[in-house]
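Visitor: I would like to learn how to read a few features of a protein model. Could you take me through them one by one?

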Amino acid sequence: MDPAIRLLRDLVAINSVNPTLVPGAPGEREIADAVAAAMRRSGLDVSVEDAGGGRPNVVGVLEGRIRGRSLMFCGHTDTVGVDGMEDPFTPVERDGRVFGRGAQDMKGGLAAMIDAARLVAERGGPAAGRLIVAAVVDEEHSSIGADALVKTWRADGAGVTEPTDLTNANGQKGFAWVKVEVFGRAAHGSRPAEGRDAILRLGRILVRLEALDRALQAAAPHPLMGTGSLHASIIEGGSELSSYPARAALQLERRTLPAEPESAAASEVQHIVDALVAEDPTFRAHVVPMFSRPAYELGAEHPLPQLLGHALAAIGRRSAPVGVSFWTDAAVLGRSGTPSVLFGPGGAGLHSTEEYVNVADVLICRELLAKLAEGFGSG
């Protein structure tokens with residue numbers, strides 16, 4: 001069995017469900033031990049670093065033969081939960097695919113980048129510069145691992161091995177979560193003159209949010225990432241059938257583009273609330289920004305997407321950069337001073353009950369990453 005696929009199967013077999021997403025889940029400690037051991041076997045200088053709460057990042061370093069540019073590979077070790085999966089941690093290989101929780105998101109990319117470092121080490125190390133291989137925690141929730149990593153580590157370029165179907169992605173959307181609470185007046189259901197229905201009043205906001213979403217998606221698209229969008233995620237309110245609800249709350253997500261500030265979503269919702277108050281002075285609502293991450297784009301003229309594009313073209317793959325709709329740790333790295341691209345194997349079933357990664361893609365990804373590491377430092 002190829003070493004990258006053996007490592008992939010070993011990683012899938014480890015339960016590394018994010019404990020912030022699923023209380024009581026084991027988190028990343030066991031998989032960090034396995035990753036650190038694999039890096040050490042490959043000759044990397046390895047450190048295990050607490051990202052917070054005892055959740056360990058693993059960083060391996062391979063020095064080049066002479067001074068030059070530094071390159072980082074970065075991937076996350078956590079996964080989402082496994083509800084509805086029959087046997088999530090038993091890796092099954094069939095029809096050229098490896099199935100199991102995290103196989104695509106993103107233990108396939110993790111195995112490819114670690115084994116790429118092994119190949120580079122066996123060939124004598126990078127011709128110049130240094131290779132940094134980082135396996136970080138918590139990307140599936142709030143990226144405490146990437147936030148901790150960038151406090152200590154920088155590179156002249158980074159490849160984040162999220163699943164991109166072997167495309168050269170140099171941009172990604174951001175996101176913002178916003179909560180809006182609407183306040184009514186509690187009353188017996190038989191006394192409409194005394195009650196104000198917070199749920200129906202929240203409906204006024206929903207109508208305008210739907211119109212805003214249509215406008216966002218009808219706007220001129222970004223060349224790589226399309227348009228912004230929003231959706232209502234969680235709604236709550238009311239306590240019993242025979243009472244006017246005094247409160248209703250909505251949590252929503254807004255997907256943002258590189259030109260949009262992280263504050264755009266909260267500002268848009270506040271504008272809607274202000275307009276509704278102007279129309280009806282009895283309307284009361286409170287907008288709360290919850291969490292956000294910015295969009296990110298690396299210019300196509302940077303040497304990293306150019307070198308990756310040349311490597312893809314050499315094997316007959318699409319080489320022009322693309323953008324992705326999802327958010328990744330590449331934005332944390334990029335905004336802290338490490339220009340980053342996304343490149344990883346393909347598959348299907350992200351966050352679903354049947355997840356797999358393509359075996360051939362993992363091997364191609366490994367080879368191209370090794371080639372990138374061997375040449376980047378000399379540029």
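Visitor: How many bridges join strand 11 to strand 13?

Guide: Happy to start there. This is a predicted model, in which local features need pLDDT of at least 70, side-chain atom pairs count only at pLDDT 80 or more, and totals for chains, interfaces and linings use all residues. Residues are numbered from 1 along each chain as its sequence is written, and side-chain values use heavy atoms, with hydrogens and water left out. In general, strands of a sheet pair through backbone hydrogen bonds, either parallel or antiparallel. Here, eight bridges join strand 11 to strand 13 (residues 247-256), and the two run antiparallel. Serine 229, for instance, has arginine 255 in strand 13 as its bridge partner. Strands (E, at least two residues) and helices (H or I, at least four) are DSSP runs numbered from the N terminus, and two strands pair if DSSP finds at least two bridges between them.

Visitor: Which strands stand at the edges of the sheet?

Guide: The open sheet has four strands in the order 11-13-9-14, with antiparallel pairing. Strand 11 (229-237) and strand 14 (284-293) are the edges; each has a single partner strand, so one side of each is left without a neighbour in the sheet.

Visitor: At what angle do helix 1 and helix 9 pack?

Guide: Two packed helices are described by the angle between their axes and the distance between the axes. Helix 1 (residues 3-12) and helix 9 (residues 359-376) pack at about 115°, with axes 10 Å apart. Axes are lines fitted to C-alpha atoms, for helices over the stretch in contact, and angles run from 0 to 180 degrees between N-to-C directions. Ala4, Ile5 and Leu8 of helix 1 meet Val359, Val362, Leu363 and Arg366 of helix 9, where contact means heavy atoms within 4.5 Å.

Visitor: What volume does the largest pocket have?

Guide: About 510 Å³. Of its 21 lining residues, Glu139, Glu140, Arg255, Trp327 and His351 are the closest to its centre. Strand 9, strand 13 and strand 14 each give two or more residues to this lining. On a 1 Å grid over the protein atoms alone, a pocket is an open set of points with protein on both sides within 12 Å along at least five of seven lines, a cavity is a set where a 1.4 Å probe fits but cannot get out, and lining residues have an atom within 4 Å of a point. Grid points are joined across faces, edges and corners, and a volume is the space filled by probe spheres set on the points.

Visitor: Which residues line the largest cavity?

Guide: Gly159, Leu308, Val341, Phe343, Leu369 and Leu372. That cavity holds about 30 Å³ of space.
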